[in-house]
Amino acid sequence: MSEEIKEPISKAEQKRLGDMFLELMAQCPHVPKDANIKYNAKDVGKCVYILTAGDSVRKYDITGGFTSKLKIQVAYQSFPTGNGQIINAQDVTDSITMWLEDVENLPVLKGGRKVTNFTAYDSFSSVEEVEGDKATVFAANADMEYRVKGERF
């Protein structure tokens with residue numbers, strides 16, 4: 001029987017995940033060329049960023065391995081000036097998250113961790129002030145699942 005435990009992700013694990021997210025987003029064809037890519041931070045201008053919740057649910061198995069689900073948020077910050085640009089900005093976020101769900105060669109993380117899938121949810125918007133300008137941020141929550149094989153048996 002597997003046991004489900006909620007526990008924080010270590011700083012070393014956060015670094016591994018950060019490196020992976022930056023590499024993965026750099027490959028995404030839906031990230032605008034003029035947008036910076038950030039992990040657990042955002043930029044002043046146009047940017048795509050990934051935020052992690054900092055905790056996960058792990059299900060341990062009898063081999064000593066586990067499956068973990070990390071909650072993330074994918075967001076796109078831009079400065080649209082009309083309805084068409086606003087629709088396009090939301091489409092950027094939706095396209096990125098759909099791409100994540102469809103990536104076939106998911107990354108192998110350090111320490112034998114293998115990303116198994118992403119599940120994304122509907123995007124939503126917010127308006128924020130960035131250095132005196134109004135930025136529109138479209139974000140979508142998602143789950144990233146990854147597996148660590150055990151060494152017993």
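This report describes the aromatic pairs and the cysteines of a predicted model.

**Aromatic pairs**

A pair of aromatic rings is described by the distance of the centres and the angle of the planes. The structure holds three aromatic pairs, and one of them joins Phe 21 to Tyr 39, whose ring centres are 5.9 Å apart with the planes at 25°, so this pair is stacked. Because Phe 21 lies in helix 1 (residues 11–27) and Tyr 39 in strand 2 (residues 36–39), the pair ties together parts that are 18 residues apart in sequence.

Phe 21 also pairs with Phe 118 in a tilted arrangement, at 6.4 Å centre to centre and with 55° between the planes. Here Phe 21 belongs to helix 1 and Phe 118 to strand 5 (residues 113–130), so this second contact ties together parts that are 97 residues apart in sequence. Phe 21, Tyr 39 and Phe 118 form one aromatic cluster.

| Residue | Relative accessibility | Class |
|---|---|---|
| Phe 21 | 1% | buried |
| Tyr 39 | 19% | buried |
| Phe 118 | 4% | buried |
| Cys 28 | 5% | buried |
| Cys 47 | 0% | buried |

Tyr 39, at 19%, counts as buried because the class covers values under 20% relative accessible area.

**Cysteines**

A disulfide is a covalent bond between the sulfur atoms of two cysteines. The structure holds zero disulfides, while Cys 28 is buried at 5% relative accessibility and Cys 47 is buried at 0%.

Notes:
Residues numbered from 1 in each chain as written. Predicted model: local features only at pLDDT ≥ 70, side-chain atom pairs only at ≥ 80, totals over all residues. Heavy atoms only, no water. Disulfide = S-S within 2.5 Å. Buried < 20%, exposed > 50% of the residue type's maximum accessible area, 1.4 Å probe, protein only. Phe/Tyr/Trp six-rings, centres within 6.5 Å; stacked < 30°, edge-to-face > 60°. Helix = DSSP H or I, 4+ residues; strand = E, 2+ residues; numbered from the N terminus.
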